[in-house]
Structures are given as structure tokens and as C-alpha cells.
Amino acid sequence: MSGSTDRPPVRVVLAKLGLDGHDRGLKVVARMLRDGGMEVVYLGLRQTTDTIIDAVEQEDADVVGISMLNAGHLTLGPRMVEALADAGLDVPVVIGGIVPDEDLPAMANAGVAGVLGPGATAEEVVACVRAAADARG
Amino acid sequence: MAATRGGERWATARLLSLVERGGPLADEVAERTWALLHGDATVDAISGRRANRAHVVGVTGPPGAGKSTLVAVWTTRLVERGHRPAVLAVDPSSPLTGGAILGDRVRMAEATAAGVFIRSMATRGHAGGLALAVPGMVRVLELAGFDPVVVETVGVGQVEVDVASAADTVLVVVTPGMGDAVQANKAGLLEVADLFAVNKSDRPDAAGVRRDLELMLDLSDLTGHGRRRHDTRTDGWSRPAVVSTVATTGAGVDELADATDAHLAGLAAVGTLVARREDRWRAEVRSHVDHLLLETSRGVVSGLSVGTGAPAAVARELAAGLVGGAEGDR
């Protein structure tokens with residue numbers, strides 16, 4: 001609030017999409033992003049594209065982060081990107097979790113802005129989300 | 001602004017971000033919001049409510065009391081009753097990194113589905129900034145047609161309590177297992193409450209909490225402390241209502257909704273609603289004056305050379321120069 005020149009923190013909506021009950025990774029990522037100076041709007045488990053869109057819209061989020069450990073990324077990743085576009089929201093999607101290397105081109109083609117796998121460091125996570133936010137402008 | 005008024009949620013969200021960010025653009029948005037809200041509103045002579053002014057409800061209480069869950073079920077109930085509630089949920093930023101984890105939506109999925117507008121907000125380190133930003137954000141939500149506008153803060157810091165207290169109705173949520181009545185006295189939350197919810201009241205020690213709370217309120221009555229200006233009575237202290245709730249089952253939520261409505265009606269009936277809002281307006285002006293003076297003094301002081309005199313004397317001289325003749329009026 002000290003002036004209009006410094007940029008406000010990046011706002012990230014973090015969620016698990018669909019029926020996947022493992023949110024430990026998401027909590028770790030939330031902490032990494034917070035410690036990277038970002039504001040994390042944490043939605044947690046069992047979200048739908050609709051609940052995520054509500055949150056992105058109302059929170060004026062810069063990035064959506066979804067976590068996938070159940071091999072749903074090929075279906076749900078593109079569906080999330082499309083749903084945001086349909087809602088008129090120009091907000092990049094970053095996917096974290098288990099995404100096999102051979103699926104990476106498909107993710108990029110679908111418009112997913114970034115993919116973070118196991119072993120990504122806190123610096124990598126923050127840099128990836130920041131890059132997605134910056135690319136949006 | 002037109003889109004916000006038209007009920008476009010994305011536009012409301014963008015305006016909230018602008019006001020939250022502060023600076024010249026925020027001031028401009030805030031000024032235009034004010035003009036739109038006050039320019040063409042017809043004032044109801046009896047209630048003092050403007051056609052497009054919302055019931056502002058502050059909700060505070062210790063961490064883990066169930067504020068978010070309770071606000072979620074309460075606002076969902078209000079939607080069922082035909083209202084359009086919005087919630088501004090304030091959580092602390094990390095003082096070290098400036099980041100924050102805003103978790104209120106986790107407990108508010110039901111309310112989101114019902115159509116309640118929820119905005120999470122981090123304190124962003126600047127205590128003064130919060131006091132500047134929140135009233136402006138509340139007005140953006142009013143402009144968008146939301147009523148009531150609920151401001152939820154954790155009741156652990158004077159600023160957070162003050163922010164939630166800048167409301168028409170202040171709800172304090174307490175819960176069993178948070179210490180006895182002596183703790184409740186310490187917390188400093190008793191004085192600001194218009195209304196209490198004893199949440200998690202299905203717990204065995206809930207009756208004890210309620211009894212302790214009532215005792216503390218008896219003592220407030222006795223000493224006269226905790227009396228709020230512009231209360232629902234003009235001839236004495238009006239004792240805050242106490243409602244027992246179980247947010248997770250929805251028990252007591254109807255009573256809570258009735259009690260908040262009754263409080264607003266009570267203020268309007270005795271004519272203190274207008275006075276309360278005028279107090280709030282003055283407090284907001286004061287926050288802005290503090291902020292402007294702070295910024296000015298920072299600039300002036302950073303240019304001083306050490307050793308020009310005793311700090312207090314130098315300060316007095318500077319202050320006299322900054323505010324001109326105004327300091328004599330205080």
C-alpha cells in the first residue's frame with residue numbers, strides 16, 4: 001500500500017480438480033508460493049471447473065494451479081483451460097503432479113501454461129507460476 | 001464501474017483489486033464509487049438507509065472459532081431469504097515474505113454454490129493500508145448491489161478488530177475450548193460486539209462458555225464499560241444478543257440471521273444508524289489523514305541531519321510547519 005509503483009502480489013487459485021483425495025502436494029505448493037511472496041487462494045479438494053471459475057473471477061486471480069495425481073490431466077487439464085476461456089477469463093493454468101513426459105506436448109497444445117512434476121524445487125515452482133502470470137501481462 | 005453496477009462479477013473483482021492496491025488510481029475509483037453511491041440515492045427518512053446502501057456486518061473472533069463456516073451457512077440462508085450477500089474475508093499476510101495463504105473459501109463452498117460473492121484479502125503487511133482499503137472495497141460491493149456486505153477478520157490484532165468493528169453490526173464468534181471468562185475479558189472483543197454467536201455449541205462445555213459470557217456482559221452492564229456509542233438504545237447500554245450455533249449442522253443459523261436483522265432494525269428505529277455511519281465516515285477520514293501525514297513526515301524526516309536538536313523538539317517544530325495553524329485546534 002506504500003505506493004502505486006510496486007506491483008501487488010501475484011494471486012493464485014490452487015485446487016484439486018475432480019475425485020482425487022491427495023492434497024498433501026497442494027499444501028506444500030501453497031506454502032512454497034506463499035513464501036515466494038504470492039497470495040494463494042486455497043480451494044483444496046474435490047473442486048469442479050465451475051467452483052474454480054467462480055473463485056478465479058471473484059478473487060481476480062492471475063494464475064490457476066491445479067494438482068493432478070490420478071492421470072486425469074489429459075482430460076481435465078484441457079477442460080479447465082477451455083472452461084476459463086468460455087467464461088471470458090484470460091487466466092493461465094499451471095498443472096502440478098504426475099504428468100508423463102510424453103504428455104507434455106499435448107499439455108502445451110491444450111494451452112496449459114506450465115507443468116510441474118515431482119522434485120520441482122520451491123524456486124522452480126515460484127518461477128513457473130510467476131512466468132505464467134507475467135506472460136498474461 | 002457501469003459493469004459493476006450492472007452486476008458483472010468480473011468487473012466488481014477488478015475494482016476490488018484496484019482499491020485494494022492503493023495509490024492514485026485507487027483513490028479515483030474510491031471517489032467515483034462514493035459519488036455514485038451518494039449522488040442519486042434516495043434516503044429513507046425513517047430508517048436512514050439509502051436505496052443502495054448495504055447492511056455492513058463485521059464478523060470477528062479467535063482463530064478456529066468457525067467464523068468462515070458460520071458465515072458460509074448464514075449467508076447461504078440469507079440467499080434463501082432473497083438477499084444478495086457478499087463476503088470480504090481478511091487473512092494475515094506473512095510479515096517476512098508478503099505472501100499469504102487465504103483459506104476461507106475451503107469452508108465456503110456451499111455459499112459459493114448458492115451465489116454468495118466471496119473475496120479473500122490479505123493484510124499485505126501495512127496495518128494502515130487495511131484500514132484504508134476495506135471501507136473502499138465495502139463500497140464497491142455496495143455499488144454492485146450486494147446486501148449485506150460481510151467483513152470477516154481474525155480477532156487477533158487491534159487493526160483486524162478495528163476493521164471488523166467499522167460496521168453497522170458487529171458479530172463476535174466465540175467457542176468452547178478457548179479458555180474461561182477471564183480470557184474472554186482479555187481478548188478485547190467483548191467491547192466491540194453487538195451480537196455474539198457461541199459456535200460449536202453442541203460441545204459439552206458450551207453451556208459454561210455461554211454462562212461465562214453472560215456473566216461478563218452482566219459486569220459490562222454494572223461498570224458501564226463496553227457501552228457503545230450510538231447503540232440500539234439511547235437511554236443506556238443495550239445488551240448484545242447471544243445466539244448458540246453449530247455451523248457444521250446449521251443449528252441456530254436462523255436465529256443468527258434474525259438477530260442480525262433485528263440489530264439493524266433496532267439501530268434504525270432509534271435513529272442511531274445514521275450516527276454510527278457518520279462515526280465511520282469520520283474514522284475513515286482520520287485514517288486517510290494519518291496516512292497522508294505519515295507519508296509526508298517520512299519524506300521530511302529522511303532528509304534531516306542528526307544532531308539538530310532533541311527528537312521531540314524537532315518533531316514539534318516540523319509538525320507545526322506541516323499542519324500550519326491546525327494543530328492548535330486539537
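## Confidence in the model

Chain A has a mean pLDDT of 91, and 95% of its residues reach 70 or more. Here pLDDT is the predictor's confidence in each residue, from 0 to 100. Over residues 1–5 of chain A the pLDDT is below 50, yet this stretch has 12 contacts in the model beyond near neighbours in sequence. Two residues are in contact if their C-beta atoms, placed from the backbone, lie within 7 Å.

Chain B averages a pLDDT of 84, and 87% of its residues score at least 70. Under 50 is where the pLDDT stays over residues 44–49 of chain B; the model has 7 contacts beyond four places in sequence for them. The scores for the model are ipTM 0.90 and pTM 0.89.

This is a predicted model, in which local features need pLDDT of at least 70 and side-chain atom pairs count only at pLDDT 80 or more, while totals for chains, interfaces and linings use all residues. Residues are numbered from 1 along each chain as its sequence is written, while chains are lettered from A and ligands numbered from 1 in the order in which they are written.

## The fold of chain A

Chain A has 5 helices and 5 strands. Along the sequence they follow the pattern β-α-β-α-β-α-β-α-β-α. Its radius of gyration is 14 Å, close to the 14 Å that the globule rule gives for 137 residues, so chain A is as compact as a globular protein of that length. The radius is taken over C-alpha atoms, and the rule is 2.2 Å times the number of residues to the power 0.38. Helices (H or I, at least four residues) and strands (E, at least two) are DSSP runs, numbered from the N terminus.

The C-alpha atoms of chain A fill a box of roughly 45 × 35 × 25 Å, taken along the principal axes. Of the 137 residues in chain A, 49% are buried. A residue is buried if 20 or more other C-beta atoms lie within 10 Å of its own, exposed if 12 or fewer, and partly exposed in between; C-beta atoms are placed from the backbone.

## Where the chains meet

The contact takes 26 residues from chain A and 33 residues from chain B. On the chain A side, α1 (24–35), β2 (39–47) and α2 (49–59) each supply at least two residues.

Strands also link the chains. β2(A) runs parallel to β3 (residues 100–102) of chain B, and 3 bridges join them. Two strands pair if DSSP finds at least two bridges between them. V40(A) stands opposite I101(B) in β3(B). Not counting residues up to four places away in sequence, V40(A) touches residues including V12(A), L33(A), A100(B), I101(B) and L102(B).

## The nonpolar core

The largest nonpolar core has 121 residues, and V12(A), V13(A), V40(A), V129(A) and L88(B) have the most contacts inside it. Helix α6 (residues 127–143) of chain B gives the largest share of this core, 10 residues. Such a core is a set of buried Ala, Val, Leu, Ile, Met, Phe, Trp, Tyr and Cys residues joined through C-beta atoms within 7 Å.

## Two loop residues in chain B

H55(B) lies in the loop between α3 (24–39) and β1 (56–61). H55(B) is buried, because 23 other C-beta atoms lie within 10 Å. Leaving aside neighbours within four places in sequence, H55(B) is in contact with D147(B), P148(B), D168(B), T169(B) and L264(B).

R81(B) sits in the loop between α4 (67–80) and β2 (86–91) of chain B. R81(B) counts as exposed, because it has 10 C-beta neighbours inside 10 Å.
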